[in-house]
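Me: I'd like a close look at just one part of this protein, the packing of its inside. Please take me through it slowly, as I'm new to this.

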Amino acid sequence: NIPGIEIQNDICVTGTSRIYNKKELFHKLNLRESSKSEIPDNLLFLKCFEKWQYNCPDHILGEWVFVLWNNRKKELFIASSHYWKPNLYYCNSNRVFYFSTSLKALLSLEPIPKEINEFRLGQLLIGWGNSLGNTLYKNIFPLKPAHTLKITPETFEENRYWALEDTPPIRFKKDDEYVENFLEIYTEAVRCRIAESKSAGATLSGGLDSGSVTSLAALELRKQNKTLQAFSSIPIFDVSNIPVKNRFGDESEYIRATADYAGNVNVNFIKSENLSILQGIKKTINMMEEPVSGSNLNWIHSIMQSVLNYNIDTLMVGQTGNSTVSWKGKSESFIDWAAFIKNINEHGITNLPYLIKNIKTYLAKPFIPSEIIKKKIRKTNPKINWDKYSSINNAFASTQNFIERMQEAGQYDYSDNPRINQLRTIKPIYGAGSSPLWMEMGRNYNIWVTDPTADKRILEFCTSIPNDQFYRAGIEKYLFKRAMKGIMPENVIHNPKRGLQSADAQQIILKNDLPEIKNLLESFKKSEICNHYLDLSKIEKAIPMLGQNSVDGFAISTKVLLKGIAFGLFLQRFE
């Protein structure tokens, strides 16, 4: 009689879930529509298993993991949803299989080995994000999206049941049909998430992805005479003079424009004055049991707390949108004259730096052999040149053969194929890169965090239509700009600049965190494990960069200093 576990015919199931195609499942399972509220998700998982057995996961649309125990067969069956999903970690130790939706809970068990996975540690330090199915702990693994595990006393079988890259092409006769179908799918991806919530809110930046999620959600809630609560991070300090080209630090102007255009959106501006950047990092490491770093963690926590204050149980984000709904596409012409002329018109022929850049990008680059481009990628990639942008100890790095292993994993493969490049950005086998953080944040604050831009239907549609729907006549994000016309304001849709999160990070650190950072560095110097994995002198040398308003100053402050501090805090736990 454990709450949440469903038992029938000697089979029991438990899970954590949001299911978005219940109407379709009820029809296929011959269940009465009126009984929908009477059937919890775990019972629905059980009924799906009874009908489709081990093929049932591919029929269930949503964000979920479930675990099914067949007592007659003495078999454990675990499955995860297609892409964006709740976390689940597992460990095989001494013929016992342990699993949990919380890494912290799993590590609290005495038999679980707590040894550092050095290769994964180095991966994260140099910025190579692909998990390759590993965690920072030896013998503890994440369940990957669209995967199942079947475990018996004698066998351990892992299976991938859905492959985005195998989705067949979609072709329509008329150009407008792509926009109509895209908007229909995207609208439904937002609508079904609102329908499965008691009260939904959304994060809102000045950009396209969260902006479009917010705008579509507002349209849906307007039918119910409801207002959408949106949550936006804005800087504490003046960031009008940030040095990063084509970026802007204060997104409030565009946030207000999106909210005003929608009409029924109430924006909650979050400055996170009560939680410093270092406090945000510490809080996240305690929550994740991993060395999570970032100058935005404090305001993510502040947003989650603000969401709680409104009794909102579902928070919509747009984290995957750059790879799906607002994918920019790529010119397939040998020489992209349209883009060249468009840039000349925008910046003028007398603007020498832009003119030289345009000539290199659009006129010269097509004539450069792909092998030379590959060499340049390897030479300039910060994941290889970690002397500048990583706090890793070079002696430790030399033991891990990162360059060879990255080459084996295809990290530096070069392709002119737009679809291949899009799939490499999405990385369907590993899931959305920010999903583990956001889902763990949601679990800790008891808020379901969901991403409509990562919906399975969106993923399949946006990777199956022709590239010319995303890029045409020098215009990037062509599909998005047509679809969102009349839904979002034109100045947001066509804004050529991108927002820069935590643009005032250096100023916040200097005001709130610097004394403690210096004390932490002194404690790291006395730590054998910190000295082994980290270059502490490089972290210390990054401190003066906090006062330097330059691209390097910003990058080194966040990539060397903050990441180094986060990893030092994590490593000290092993002492």
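Reply: Start with who touches whom: among contacts in the protein between residues at least 6 apart in sequence, 72% join residues at least 24 apart. A contact here means heavy atoms within 4.5 Å. Bear in mind that this is a predicted model, where local features need pLDDT of at least 70, side-chain atom pairs count only at pLDDT 80 or more, and totals for chains, interfaces and linings use all residues. Residues are numbered from 1 along each chain as its sequence is written, and side-chain values use heavy atoms, with hydrogens and water left out.

Now for the inside. In soluble globular proteins, nonpolar side chains tend to be buried together. Here we can look for nonpolar cores, sets of buried Ala, Val, Leu, Ile, Met, Phe, Trp, Tyr and Cys residues joined through side-chain atoms within 4.5 Å.

The largest core has 111 residues, and Phe-66, Leu-121, Ile-140, Met-304, Ile-565 and Leu-571 touch the most other members. Helix α24 (residues 551–572) gives the most to this core, 10 residues in total. Helices (H or I, at least four residues) and strands (E, at least two) are DSSP runs, numbered from the N terminus.

Zoom in on Ile-140. Leaving aside residues up to four places away in sequence, Ile-140 touches Tyr-89, Tyr-90, Cys-91, Leu-103, Leu-106, Leu-107, Ile-112, Pro-113 and Thr-135.

Next, see how a helix gets covered. In α7 (residues 252–262), the buried residues are Ser-252, Tyr-254, Ile-255, Ala-257, Thr-258, Ala-259 and Ala-262. Their cover includes the helices α6 (209–222) and α20 (490–493), along with the strands β11 (228–233), β12 (247–248) and β13 (265–270). Just after α7 comes Gly-263, with a positive phi of about 95°.

Glu-289 sits between α8 (277–288) and α9 (297–309). Its relative accessibility is 14%, so Glu-289 counts as buried. Glu-289 also has a phi near 60°, a positive value in a residue other than glycine.

Terms used
Buried means under 20% relative accessible area, exposed over 50%, partly exposed in between (1.4 Å probe, protein chains only).
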